[in-house]
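Please open the structure in the viewer and follow the stops below in order. Each stop names what to select and then describes what is found there.

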Amino acid sequence: MASTLFKSASLSLLVALFGCSEPASEHSSLENTPGVSLNNVKQHIKTLASDDFQGRGPLTHGEVKTVGYLSEQYEAMGLTGAYNGKFLQPVKMAMVTANQNMQLQVGDLKFKAGNDFTARTEQLQPVIDVRNSDIVFVGYGINAPEYNWNDYENINVEGKTVIVLVNDPGFATQNDALFTGNAMTYYGRWTYKYEEAARQGAKAVFIVHETAPAAYPWGVVESSNTGTKYTLMDNNLNASKLPVMGWLTLNTTEQIFNAAQLNYQNLKQKALSDDFKATALNLTANLSFKNEVSHAKSHNVVAQITGSDAPNEYVVIGAHWDHFGTKQTDSGPKIYNGAVDNASGTAATLEIARIMNQIHQQTPFKRSILFANFTAEETGLIGSQEFATGGVVPTKQMVGLLNIDGMNVLDGTDYILQYGKDLSTLENYLANAAKAQGRVVKMDPRPQNGLFFRSDHFSIAKQGVPSLLFMSLGDTDPDYIAHKYHKEADDYSPQWSLGGVKQDIELIVDIATQLANNGDWPTWTSDSDFKAKREQDKPH
């Protein structure tokens with residue numbers, strides 16, 4: 001691919017500042033090529049992460065301020081709105097709050113919400129009622145033809161309650177020949193478990209929580225699945241969604257299996273084989289809970305630079321603008337400003353837009369560049385899911401997506417992190433651009449956490465668009481995950497050098513500029529639903 005990356009004369013403007021996939025000495029640069037303004041970046045982060053923006057919670061006054069600020073910035077640069085000429089794409093959302101005064105009954109056993117299990121729904125119904133639903137253990141709940149694996153083979157779970165294991169068999173065995181070994185696949189994500197069970201017609205799904213394969217303790221499950229949850233809305237009250245999306249503690253699971261006179265640990269071991277057979281527990285589940293349901297509208301912010309030769313082909317650069325807003329506590333309101341996650345990534349999209357628009361004014365890009373700041377990433381990738389439906393641009397017209405979710409606000413490094421391995425040819429662009437900066441690619445140090453499947457680019461990747469994730473959450477700051485990530489302490493600091501931000505902005509501009517000019521359509525290199533979707537759409 002390297003020989004095809006540089007076909008546009010405009011790329012020669014970038015080499016001194018942004019690097020390329022060939023030695024910089026072979027190219028020249030112009031004096032007036034715009035560089036990264038760290039003052040701009042600092043001001044954007046400081047503003048977006050200020051208390052005035054109230055933690056940038058969707059559907060709050062903080063959203064009004066945030067989307068207004070971003071729109072004003074893009075417009076001032078001279079970009080155009082990408083949603084029918086407007087900067088704001090509406091995202092219709094439903095807010096669903098399940099009453100936690102619920103009880104799960106399995107046979108003669110009774111379990112308490114929060115302590116023993118969690119349950120919620122994305123169906124927009126005032127009451128969810130599961131009565132005498134047969135329980136089936138379906139191992140990992142995976143149907144993956146490319147791995148010759150189907151836990152639902154020869155079993156009908158229509159209307160039944162399904163119990164599944166978290167993660168995938170590769171992690172459990174650490175066998176690189178099984179799925180992808182320690183690195184989580186999408187089949188290991190809890191979101192997939194629910195999606196597949198819904199396709200199979202299940203009434204309820206309970207994922208067994210164990211800390212190592214889940215990569216987080218039960219407290220995270222409990223807090224993430226209670227309170228108000230957000231979802232997109234369809235015209236049928238989300239009837240195609242699962243009635244019950246649940247989790248079980250390990251202790252609860254073992255009690256249920258014991259009541260069925262089955263050994264959970266033995267069945268979990270059998271589930272590691274591709275000839276595993278789903279097992280009926282000969283028990284029934286009963287669960288009923290009420291929901292408060294309301295509807296509201298949030299917004300993605302979308303702006304574009306229109307290409308000269310292929311304006312209907314788009315290179316997408318994205319970052320979510322939202323965080324957790326303000327939470328009321330006994331000691332008063334706490335504002336979760338999310339300075340690193342993701343005011344830093346949002347600020348970077350603004351600075352990249354400024355730089356690329358100035359380059360475009362000198363030598364127009366052949367393709368269009370689309371900037372997307374998504375809403376409600378923290379509550380389920382909702383804004384990017386709406387974006388992926390094609391209301392702004394059909395996904396078959398998207399060349400690739402570069403997604404920023406938390407930047408290295410400290411000093412620069414001699415490496416760039418890569419999430420996912422051997423997924424798409426965009427990884428070649430990443431390696432070449434990093435090399436031009438004197439950096440190397442370092443693989444995700446925690447592949448078992450499946451971070452590639454947990455940010456906004458994944459919504460678009462599922463529609464076939466090759467994507468890269470740029471994320472540095474705690475990689476250079478060991479204190480970040482322990483004391484700041486998703487906590488009140490994620491605040492802006494004037495002490496940040498932003499050396500890492502500068503490096504990555506330069507690198508992203510390099511990759512985006514190549515894609516905007518060279519006519520290449522990156523492809524998926526591993527067999528997957530993403531690859532099949534891309535080949536089906538045949539974008540070129």
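Begin with the charged side chains: the mean positions of the 43 positive and 58 negative charges of the protein chain lie 3 Å apart. Here Lys and Arg count as positive and Asp and Glu as negative, while His and the chain ends are not counted; each charge is placed at NZ of Lys, CZ of Arg, CG of Asp or CD of Glu.

This is a predicted model, in which local features need pLDDT of at least 70 and side-chain atom pairs count only at pLDDT 80 or more, whereas totals for chains, interfaces and linings use all residues. Residues are numbered from 1 along each chain as its sequence is written, and side-chain values use heavy atoms, with hydrogens and water left out.

**The whole chain**

Of the 540 residues, 56% count as buried (under 20% relative accessible area; exposed is over 50% and partly exposed in between, with a 1.4 Å probe and protein chains only).

**Salt bridges**

Side chains of opposite charge can pair when their charged atoms come close. The structure holds 13 salt bridges, each a side-chain nitrogen of Lys or Arg within 4 Å of a carboxyl oxygen of Asp or Glu.

Select Glu-313 and Arg-367, whose closest N and O atoms are 2.8 Å apart in a salt bridge. This pair links distant parts of the chain, 54 residues apart: Glu-313 belongs to strand β14 (residues 310-320) and Arg-367 to strand β17 (residues 367-374). Are these two residues buried or partly exposed? Glu-313 is partly exposed, at 25% relative accessibility, while Arg-367 is buried, at 2%.

Move on to Lys-268 and Glu-210, a salt bridge with its closest N and O atoms 3.1 Å apart. Lys-268 sits in helix α9 (residues 264-270), and Glu-210 in the loop between β10 (204-208) and α6 (211-214). Glu-210 counts as buried because its relative accessibility is 19%.

Finally, select Arg-120, Glu-122 and Lys-241, which are linked in a network of salt bridges.

Conventions
Helix = DSSP H or I, 4+ residues; strand = E, 2+ residues; numbered from the N terminus.
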